[in-house]
Amino acid sequence: MNLPLACRMTTTQDVTMPRREVVGFLSKVPTVTATFWLIKILSTTIGETFADFLAVQVGLGTLVTDGAMITVLAVTLVGQLRSRRYVPWLYWLTVVLVSIVGTQITDFFTDILGISLYVSTTVFAVLLAIMFAVWWQQERTLAITAIDTPKRERFYWAAILTTFALGTAGGDLATEALSLGFRTGVLIFGGLILAVWGARKLGSNSVLTFWIAYVLTRPLGASLGDLLTQDPSYGGIGLGAGLTSVLFLSVIVAIVVREQLNANRHGVRAKGQAPAVPPARDYAWAAGGAALVAVGALVLGPVLNPAAAQASAPTSAPSGKAGGSGAVPGIETDATSPLGDLRPFAVIVDDVAAKVDGGDVAAGAKRVKDLEVAWDNAEAAIKPTSPDDWHSMDSAIDKTLTALRAGAPSQADCASALNNLKAVIGTLEAKT
């Protein structure tokens, strides 16, 4: 049909505009609600505890765990980016994996390259600021409610990864370098988030307060995870990494399943559309999830460690130190080194050395697993007491693990690494 030019232009716009509107108004991220923040905090904790569980308890090691998590994140992120709508289970799986990898990035710079937490925190903060500037310059919005194009979503996930790295570095800076400890960290970061929430209620910019709170949930989740996993002798509850992950994962799965069912029932949510779950019900779900975590921790902790809270623990952090878990009521501290009493670790080292000296390197490699687990479990409590001394002993332990777990371990190399570790322990004990 021969139509006038004006008519043909109108017809083209009528055909194409609705398609652009449909694509442009689809939301790829959840509504920011109370359960959003609860899942965010819990997923952050799982990111930390699960990676430690795989690397140490399962025995995959740091290198294998890092490679596996990066690979799984890459696959999951591709799936998230290719999805045409918000898929709750896929979105939150991506968040958990980003949490793990973001933590691993910071740990690589700090523990492997030896970069100061002051430097890494500053670098990640600058990178995030640059990313936001470029994002704003190109899209004129940083709002989570406007993640409705592929380009904006790529900016969003890059920013999320950077916030996790920044939150890890900033949290470690506060709890380790500044010796605040994980219990104080829970109070400080929890209080800061409440302050941000109060500022938002008083009229502060919603986008700014969202991103500040998002960064702060990372160190809060890490401190909370340390509080739950650490042994009561260090001021924790003593659930361990495995049980804490299961407890948190159960709550996350319950809420995400609810979101997934609602997404299936109500279809694709358009930008600006009210969430399928009414706010009052959402608050109830968030409160129920938080209560389940609290009750689980308070009930399971004493069951798993019936006498630990009353027992005198030789591995407690030194009294008078500002860091670690602080003074624990009813527990005597033994300040035999800047890191506390190192005898429990020295006993294992002597046992491993005896096996190696006797020619049974395989038995020594099996026994050294106990040292790795004990040292990893104690990290959150004793590292803040003296980070430099902790790194010295951690490096000596790593060299011992490497020697004993070599493809064809040499008895001489293992003995040398163990003697070096004994010397480090002796040097630390001689400091007090």
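Where does Arg 140 lie? Keep that residue in mind while we walk through this predicted model, and we will find the place together.

Let's start with the whole protein. Of the 432 residues in the protein, 48% are buried. Now look at contacts between residues with a separation of 6 or more: 75% of them join residues 24 or more positions apart.

Helix 3 covers residues 61–82 and helix 4 covers residues 88–112; the two pack at an angle of about 145 degrees, and their axes are 9 Å apart. The crossing of helix 3 with helix 4 is left-handed. On the helix 3 side, the residues that take part include Met 69, Ile 70, Val 72 and Leu 73, while the helix 4 side includes Leu 93, Leu 97, Val 98 and Ile 100. Sorted by class, this contact has twelve nonpolar, six polar and one charged residues. Asp 66 and Thr 65 of helix 3 are also among the residues in the contact, as are Tyr 91 and Gln 104 of helix 4.

Now turn to the rings. A pair of aromatic rings is described by two things, the distance of the centres and the angle of the planes. There are 22 aromatic pairs in the structure. One of them joins Tyr 156 and Trp 157: the ring centres are 5.3 Å apart and the planes stand at 75 degrees, which is over 60, so this pair counts as edge-to-face. Both partners are tucked away from the surface by the accessibility values: Tyr 156 is buried because its relative accessible area is 0%, and Trp 157 is buried too, at 4%.

Lys 40 lies over the face of Tyr 214, 4.4 Å from the ring centre. In another spot, the charged end of Lys 383 sits over the ring of Trp 390, at 4.4 Å from its centre.

Finally, back to our opening residue. Arg 140 is found in the loop between helix 5 (117–139) and helix 6 (150–177). Is it buried or exposed? Arg 140 has a relative accessible area of 55%, which is over 50%, so it counts as exposed. Its backbone deserves a look as well. Most residues other than glycine have a negative phi. Arg 140, however, has a positive phi, near 60 degrees.

Notes:
Residues numbered from 1 in each chain as written. Predicted model: local features only at pLDDT ≥ 70, side-chain atom pairs only at ≥ 80, totals over all residues. Heavy atoms only, no water. Axes fitted to C-alpha atoms, helices over the stretch in contact; angles between N-to-C directions. Helix = DSSP H or I, 4+ residues; strand = E, 2+ residues; numbered from the N terminus. Left-handed = near helix turned anticlockwise from the far one by under 90°. Contact = heavy atoms within 4.5 Å. Nonpolar A, V, L, I, M, F, W, Y, C, P; charged D, E, K, R; others polar. Phe/Tyr/Trp six-rings, centres within 6.5 Å; stacked < 30°, edge-to-face > 60°. Buried < 20%, exposed > 50% of the residue type's maximum accessible area, 1.4 Å probe, protein only. Lys NZ or Arg CZ within 6 Å of the ring centre and 35° of its normal.
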